Every structure is written in C-alpha cells, then in structure tokens.
Amino acid sequence: MAEKVYRTLSSSGRAQRFFRQIWYAISHDRVGMIGFVILAVIVVLSVISPAVFPVDVESDPSSILQGPSAQHILGTDHLGRDIWCQIANGGRELLVLSFVTAVLGMLIGVLIGAFSAVVGGRFDEIMLFLADVWLSIPRFPLLVVFSAFFTLNNTTLALVLAILSWAGIFRTVRSEVLSLKERDYIEVAFMQGLSLGHIVIKEILPNMMGFLAVNFTLLMRSTIYSQVGLVFLGLLPLEQNWGVMINLAWTQGVIYNPRTILYLLAPTVMICLLILSLVWIGKALEDVFNPSLRK
Amino acid sequence: MVAYLVKKLLKMLFTIWVVTTLIFVLIRMMPSNPVDRYIEEQMVVYGIGYEEATLRAQSLFSMELDEPIWKQYLSFLSDVANFDFGQSLLSPGVDVMSIIAARLPWTLFTVGMGLLLSFIIGISVGALMAMKRDRWYEPVVSGFASFLSAIPDFLIAIFLLLIFGVFTYGMGHTIIPITSLRGNYSMFVTPGWNAGFILDVLLHGLLPILTYMFSQLGIWILLMKGSTTSTLNTDYVQIAKVRGLRQSTILVNYVGRNAMLPIVTEFAMRLGFIIGGSLIIEQLFVYQGIGLELLNATNGRDYPLMQGIFLIMTSAIVLCNFLAEILYVVLDPRIKLKKKVRENG
C-alpha cells in the first residue's frame with residue numbers, strides 16, 4: 001500500500017503513465033468528468049443496445065408519430081417504430097467512424113508533421129506552404145462536390161476525411177515538434193547518431209502523447225460534424241445513426257406536428273451531448289498536458 | 001512590406017490554381033469521369049456514333065475534346081480566368097455565371113450580417129467578461145459561449161427553428177410564421193428599395209442570420225476574453241492606468257487594438273467553415289443562396305454549375321484571407337518593422 005502511494009508518475013511504465021495522466025486529468029476536472037460520464041454512457045448504450053433495445057424492424061401502422069407514452073418513452077416515428085431504441089443504437093456508427101477517421105488522420109498528420117519538422121529546410125517550407133493552401137479550400141463544399149464523383153459510404157468517407165484533414169494536424173504537430181526539437185535530449189540523440197526514424201518515434205512522439213490526445217478529440221468532433229452534415233443533406237447512405245434520424249424527421253415534416261417534436265429533438269440533443277463530451281474531455285486533457293494554460 | 005504582400009498574393013493565386021486543377025482532373029481525367037460517361041451514355045442509350053456523341057459532349061461541356069489533354073487544360077484555365085464556366089446542364093442556355101450572380105448576393109447578405117452581428121456582440125461581450133472576471137455571471141456567459149462554439153451550426157439552426165417557428169408558448173401561434181418563410185422574399189412584395197420589401201427580406205433572412213450569428217458568437221467571446229485578459233496584464237496597459245487615462249481610452253486604444261490581432265487571423269480561418277455551413281443552413285431554411293444552389297447542382301450532376309460555384313466559393317474565401325493578412329499588417333506595425341530590419345541586415 002505504502003509503495004503504491006509513493007509511486008511517482010515517472011517511475012511507472014510509459015503506457016501506464018499515459019493512461020494515468022489521462023485519468024488524473026479527467027477525474028480532477030468537474031467538467032471533464034461530466035464529459036467522460038456522457039461519453040461512457042453513449043459507449044455502453046452502443047455496446048449493449050443491439051441486445052437490450054433492438055431497433056424495430058417492422059413498421060406498425062397503428063401507432064404512427066405518437067407522443068411519449070409508457071410503452072414508447074420517446075414516442076414513435078413515421079413508421080410506428082420506437083424512437084428510444086433508435087436513439088440507443090444511433091451513436092455506434094458515429095463513434096466508430098469518428099474514431100477510425102481520427103486514428104487515420106492523426107497517423108497521416110503526425111508522420112508528415114514530425115518528419116517535416118525534423119528534416120526542416122526547403123522540404124519543410126514547401127510542406128508548410130501546401131498546408132496553408134490546403135487549409136483555405138473549404139472542406140465541407142469540397143466533400144459535397146466529391147459526392148458527385150464518388151459514391152461515398154462510411155468506409156470511403158473515413159478515408160476521405162482523414163486525407164482531407166492532414167493539413168490542420170500537420171501544422172500543429174509541426175510547430176509542437178519544432179519546439180520539442182530545441183530540447184537538450186533531442187540534441188543528445190542527434191549527437192549519438194541515432195537514426196531519424198528512431199528519434200521521431202522513440203524520442204519525440206512519446207513526449208507529444210498528451211498533445212495528440214487533445215487533437216484526437218478535436219478531429220473526432222469535426223468528423224462527426226461532416227458525417228452528420230452529409231447525412232442531413234442526403235449524400236450518405238441512410239443507415240442507423242442520429243444524423244439519419246434528423247434527416248428522416250425533417251423530411252417527414254415532423255416540425256409541423258408539435259406532438260412528436262421529440263423525434264427531431266432527441267437525436268439533435270444526443271449529437272450535442274456527444275460533441276460536448278468530446279470537447280470537455282479534450283479541455284480537461286489540455287489543462288493537464290499544457291500546464292501553462294491553467295488558471 | 002510590399003514583398004510580404006506580393007508573397008501572399010502569389011499564394012492566393014496558387015490556391016485558386018490548385019482548386020481549378022483539381023476540378024479539371026475530376027471532370028476530365030479521372031476514370032469514368034462525367035465527360036466520358038456522357039459520351040458512353042449517348043452511344044448506348046440513343047445509339048449514336050462516337051463522333052456525334054463527342055460533338056454533343058463538346059458543346060455541352062464547352063471543351064475541345066479531340067485536342068490533346070494539355071491543350072484542353074490550358075483552354076479550361078483561360079476560361080476560368082475569364083469567369084466563363086459555360087452553361088448549366090440542367091437549365092440549358094443559361095450561363096453559370098448568371099445563376100451565381102443571382103444567388104451569391106443572398107448568401108453574402110445573410111452570412112455577412114450574421115458575421116458582423118456576432119463580431120460586434122462577441123467582441124464587446126468578450127472584452128467585458130475579461131474586465132469582470134470576478135463577477136458571478138462570468139462563468140455563466142463563458143460556459144454558454146463554449147457551448148455555442150462547440151455544437152455544429154446546423155444543430156443551432158434546428159434549435160432556433162424549434163424556438164421561433166414550432167413552439168407556441170400558449171399563444172396559439174408561433175413567434176414567426178415559419179410555414180410562409182420559404183425562399184428569400186414573399187410573392188406579394190415588389191423588389192426594390194421600399195420598406196415592405198426590406199422588412200420582408202429581413203424577416204425571411206432572420207433565422208439564417210441568427211444561426212450564423214449564434215454559431216460564431218461563442219468563439220469571438222472566448223477569443224476576445226482570452227486575448228484581452230493577457231493584454232490587460234502587460235506593462236504598457238499598467239502604465240496607461242498609472243498615467244490616469246480614461247478607462248474607455250485604455251480599453252479601445254491600448255487593449256482593443258492588441259487583443260484584436262489573434263482574432264483577425266481566426267476570422268479568416270473561420271470563413272471557410274461558415275461558407276461550408278451555409279450549404280446545410282440554406283437547405284434547412286430553404287433559403288435560395290449559393291449553398292443551396294451548389295447542393296442542387298450536385299444532386300442533379302450539373303458539373304459546370306458545380307465547378308463554377310465551388311471555384312467562386314474558394315476564391316471568395318481566399319480573397320478574404322488575403323484581406324485579413326493586409327488588415328493584420330495594418331493592425332500590427334511589428335510585421336512592417338521586422339521585415340525592414342531583416343531587409344536592412
């Protein structure tokens with residue numbers, strides 16, 4: 001017991017230290033804790049709901065667009081299906097897609113960014129210029145235009161979004177690596193004649209994990225925005241998620257029927273909660289990994 | 001100074017060139033691109049020969065398809081440079097530019113009004129919150145601002161729609177008669193500078209404007225609060241206080257100018273987001289702007305219209321970025337000085 005109490009962060013393993021720091025960040029920040037709880041609830045719902053709250057596969061013409069009742073706590077949709085079950089199942093796809101996209105996007109951005117900052121010189125200048133150019137191309141209209149040329153589904157969307165978001169991550173990672181590069185231990189690593197790959201992966205990346213975790217939540221957030229936006233415009237196949245529910249509620253004219261406004265309101269609130277939880281967790285992480293931002 | 005601006009200008013032109021080339025590659029060089037698909041379709045469906053189908057495609061897309069690809073590319077570039085995007089596929093005989101010219105002002109009006117309002121309100125509230133950091137309402141306002149800055153603009157639009165157009169609050173009718181607010185103005189008003197028309201336009205644009213305003217408001221408040229707080233702690237502000245200058249003078253001339261700097265950069269960065277968001281918001285409110293037109297063009301596979309609108313959108317954003325760079329130089333004399341020092345030695 002005593003041993004555990006006096007164990008410092010630096011004496012534990014690297015991965016352990018990373019997760020301990022994240023847990024410290026979240027549990028010592030009220031808002032971060034709320035965000036974490038919301039996210040946990042959504043994750044748990046996504047995992048258990050196919051078994052516990054299965055989505056009605058059959059329509060029930062006798063109970064179309066009903067208000068909340070004991071049987072259907074959030075009412076029913078235009079096909080008589082229970083809305084709560086759709087809400088419980090609707091987060092999974094958003095979570096998985098945004099997670100995959102964020103992993104891919106971070107990989108691309110971090111590799112190019114770290115490499116460019118370490119190599120420096122003309123290559124770095126050109127990459128920075130290209131990133132600036134790329135950032136001034138409006139992303140959402142570009143996605144809409146793309147949808148006319150390629151059939152977008154969730155797999156291709158993850159790939160396209162990851163590739164499109166390289167520039168933003170590239171810029172932040174590059175500036176972070178540039179500041180790390182000035183530190184002594186990196187200089188020592190260079191003097192030891194270690195390979196460039198070793199320096200990037202073993203020396204620089206582990207010290208950026210917190211910074212990367214923050215950017216990860218930001219990337220997940222922008223992915224959710226793009227996916228829900230595209231679904232709302234009807235440019236993605238309609239599967240089971242909150243964006244699709246908004247789209248259907250909208251096209252079925254739910255706003256003209258105030259009794260069933262929950263059909264539109266519930267998924268909207270859920271998306272807000274998901275995004276807010278990511279923002280709050282990101283903020284809590286930022287506070288710990290960037291002590292200079294603390295008040 | 002001049003070299004700095006020339007560099008930025010070249011960057012702006014390069015961006016537009018990249019987008020133009022991207023569009024050319026998509027339309028002309030990708031496997032199963034729209035031109036090839038059109039020719040194929042004409043041959044299969046209408047049973048006409050390859051030459052005739054190519055001729056039709058040529059007149060439709062206004063490209064010389066039998067020329068080598070680099071010549072097509074050069075003529076495409078010169079067309080774009082002359083703002084000549086050809087004719088719309090869905091409404092043949094109508095120039096793409098005339099469609100854009102009819103739609104763009106509405107988007108500029110709503111986006112511009114929303115941005116202006118959010119900018120004015122956000123900066124005032126942000127500066128005020130930085131001064132009143134010890135009051136009870138500061139966390140409330142900051143919390144609301146971070147809520148606004150986090151959630152997507154189209155969800156704000158849905159909330160606004162519910163608040164203004166759906167809930168009745170026991171009055172029997174909604175605050176705004178939402179069912180008659182489709183489009184840009186009502187049928188019964190005559191366009192022109194008369195009170196009825198202007199009021200009607202404002203009423204139709206109210207919800208889009210409010211959406212743009214609220215979606216940007218949070219960011220301005222947070223940014224302005226942050227940068228004002230850090231400016232308040234600097235020596236020159238303390239000195240100004242010691243000199244006994246009036247508080248409004250300090251706030252405007254000493255704090256405001258310096259606190260604005262990071263915001264100007266952010267302003268340019270956000271413009272792309274707002275224009276991108278206009279696609280969804282105009283669809284939500286059925287507002288006949290450039291975003292809705294791009295969406296219709298995409299759904300109808302109207303390639304000339306699509307490329308025209310996308311290029312105009314990008315150019316507008318890039319141009320605003322450039323203007324923001326100029327404004328930055330004006331606001332921050334240090335850039336001028338730094339360049340001079342570097343040039344001299």
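This is a predicted model: local features need pLDDT of at least 70, side-chain atom pairs count only at pLDDT 80 or more; totals for chains, interfaces and linings use all residues.
Residues are numbered from 1 along each chain as its sequence is written, and chains are lettered from A in the order in which they are written. Local features need pLDDT of at least 70, side-chain atom pairs count only at pLDDT 80 or more, and totals for chains, interfaces and linings use all residues, while side-chain values use heavy atoms, leaving out hydrogens and water.

**View 1. Where chain A meets chain B.** Chain A brings 40 residues to this contact and chain B brings 48 (contact means heavy atoms within 4.5 Å). About 4000 Å² is buried between the two chains, and carbon and sulfur atoms give 83% of that; buried area here is the accessible area (1.4 Å probe) that two parts lose on being put together, summed over both. On the chain A side, look for Phe149(A), Tyr225(A) and Leu233(A): they lose the most area to chain B, together 15% of what that side buries.

**View 2. The salt bridge between the chains.** The rule finds one salt bridge across this interface, counted when a side-chain nitrogen of Lys or Arg is within 4 Å of a carboxyl oxygen of Asp or Glu. Asp132(A) pairs up with Lys11(B), with 2.8 Å between the closest N and O atoms.

**View 3. The helices of chain A that face chain B.** Helices are DSSP runs (H or I, at least four residues), numbered from the N terminus. α5 (121–135), α6 (139–149), α11 (209–232), α12 (242–251) and α13 (262–289) of chain A each put at least two residues on the side that touches chain B. α13(A) gives the most, with ten residues. Sorted by class, this side of chain A has 32 nonpolar, four polar and four charged residues, with Ala, Val, Leu, Ile, Met, Phe, Trp, Tyr, Cys and Pro counted as nonpolar, Asp, Glu, Lys and Arg as charged, and the others, Gly among them, as polar.

**View 4. Two domains within chain A.** Chain A splits into domain 1 (13–49 + 238–295) and domain 2 (95–233), with bounds from an automatic or database domain assignment. Their C-alpha centres lie 22 Å apart. In chain A, 23 residues of domain 1 are in contact with 16 residues of domain 2, and the two domains bury about 1600 Å² between them, 79% of it on carbon and sulfur atoms. The salt bridge count between these domains is zero.
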